[in-house]
Amino acid sequence: MTNATITLTVDGRQIETRPGQTILEATEAAGVYVPRLCWMKGLLPFGSCRVCTVRVNGRPQAACTQPVAPGMVIENDTEELRALRRDLIDMLFVEGNHFCMFCEKSGNCELQALAYRFGIAAPGYPFLFPQRALDASHPGIFLDRNRCVLCARCVRASRELDGKTVFGFAGRGAGRRIAVNGEDLAHTDAEATDRAVAACPTGSLLVKRIGYAVPVGRRRYDQEPIGSDIEPAAAGR
Ligand code: FES
């Protein structure tokens, strides 16, 4: 069974994959981009953002957590799913405080890049303007919870890649926020070189004193849409 191949259909195209892969991994290997945000290569999947939602034999599933199975018929690039993903991204913008034009992460931010890819010029929902705490206590790291999308990439990277437990969650529902395992970030064993800091897809965790080393306009997603590395055709979008 371990050497067997599995055949899937993705948007009408057959692809071959291996047992044990997730839909996201299998499609990526076949050059098909499934949008994602909380998923990050090298981390255990978390399945929280739902941006990777696909339909599998007609039922919605998170591509990053769902293992492949023989004969799956997967819908990925449909108008219905594009609208669902657009809505999810839209809601992430309004439930935080994302001022892209003033953010050091602009052009490198995955949330902003997803918005560009999905053609979101302005949010479709009212802004909530939550009050969220900043933490500038650490000499090398800045934590701005206004830009946090609760993807848990920093939480997982701290544990799985750095061997630490710097980040976690506190609170519930709309009050859920990123917490640190000390009075503030300065009172943790976090270091600016931690993989957890680099894992942040937005400008919520930034390394101090390197801002704008690459000017806005010359950054990764200023050059090409997110997903172009997987699906080169996206570069022409
Ligand atoms: S990338 Fe799959 S749920 Fe977030």
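Helices and strands here are DSSP runs, H or I of at least four residues for helices and E of at least two for strands, numbered from the N terminus. The model is predicted; local features need pLDDT of at least 70, side-chain atom pairs count only at pLDDT 80 or more, and totals for chains, interfaces and linings use all residues. Residues are numbered from 1 along each chain as its sequence is written.

**The sheet**

Two strands count as paired if DSSP finds at least two bridges between them. β1 and β2 make a hairpin with two residues between them, and D11 in that turn has a positive phi of about 50 degrees.

β1 and β5 are parallel, with two bridges, and T9 stands opposite V73 in β5. From β5 (residues 73–75), move to β3 (residues 53–56): these strands run antiparallel and are joined by two bridges. R55 has E75 in β5 as its bridge partner.

Now show the whole open sheet, whose five strands come in the order β2-β1-β5-β3-β4 with mixed pairing. β2 (13–17) and β4 (59–62) are the edge strands, each pairing on one side only. From one strand to the next the twist averages 35 degrees. Helix α2 (residues 79–95) packs on this sheet and touches β3 and β5, and its direction makes about 150 degrees with that of β3. For such angles, axes are lines fitted to C-alpha atoms, for helices over the stretch in contact, and values run from 0 to 180 degrees between N-to-C directions.

**Two domains**

Colour domain 1 (6–77) and domain 2 (85–211) separately; these bounds come from an automatic or database domain assignment. Their centres, taken over C-alpha atoms, are 25 Å apart. The contact takes 13 residues from domain 1 and 16 residues from domain 2, where two residues are in contact if their C-beta atoms, placed from the backbone, lie within 7 Å. On the domain 1 side, the touching residues are nine nonpolar, three polar and one charged. Here Ala, Val, Leu, Ile, Met, Phe, Trp, Tyr, Cys and Pro count as nonpolar, Asp, Glu, Lys and Arg as charged, and the others, Gly among them, as polar.

**The core**

Select L37, C52, A63, L111, L114 and C154. Of the 54 residues in the largest nonpolar core, these touch the most other members. Helix α3 (residues 110–117) gives the most to this core, with four residues. The core draws at least three residues from each of domain 1 and domain 2. A nonpolar core is a set of buried Ala, Val, Leu, Ile, Met, Phe, Trp, Tyr and Cys residues joined through C-beta atoms within 7 Å. Buried means that 20 or more other C-beta atoms lie within 10 Å of a residue's own; exposed means 12 or fewer, and partly exposed is in between, with C-beta atoms placed from the backbone.

Centre on A63. Leaving aside neighbours within four places in sequence, A63 is in contact with T22, I23, L24, T27, V34, C52 and V54.

In α3, seven of eight residues are buried: E110, L111, Q112, A113, L114, A115 and R117. Their cover includes α2 and α6. Just after α3, G119 takes a positive phi of about 70 degrees.

Go on to α4, where six of eight residues are buried, namely R153, C154, V155, R156, A157 and S158. These pack against β8 (167–170), β9 (177–180), α5 (195–198) and β10.

Most residues other than glycine have a negative phi. Select A152, in the loop between β7 (141–144) and α4 (153–160). A152 has a positive phi of about 70 degrees although it is not a glycine. Is A152 buried or exposed? A152 is buried, because 22 other C-beta atoms lie within 10 Å.

Then select Y212, in the loop between β10 (205–207) and α6 (220–223). Phi of Y212 is also positive, near 65 degrees. Y212 has 9 other C-beta atoms within 10 Å, so Y212 is exposed.

**Last stop**

Finish at E28 in helix α1 (residues 23–29). E28 is buried, because 21 other C-beta atoms lie within 10 Å. A83 is 55 residues from E28 along the chain, and their C-alpha atoms are separated by 21 Å.
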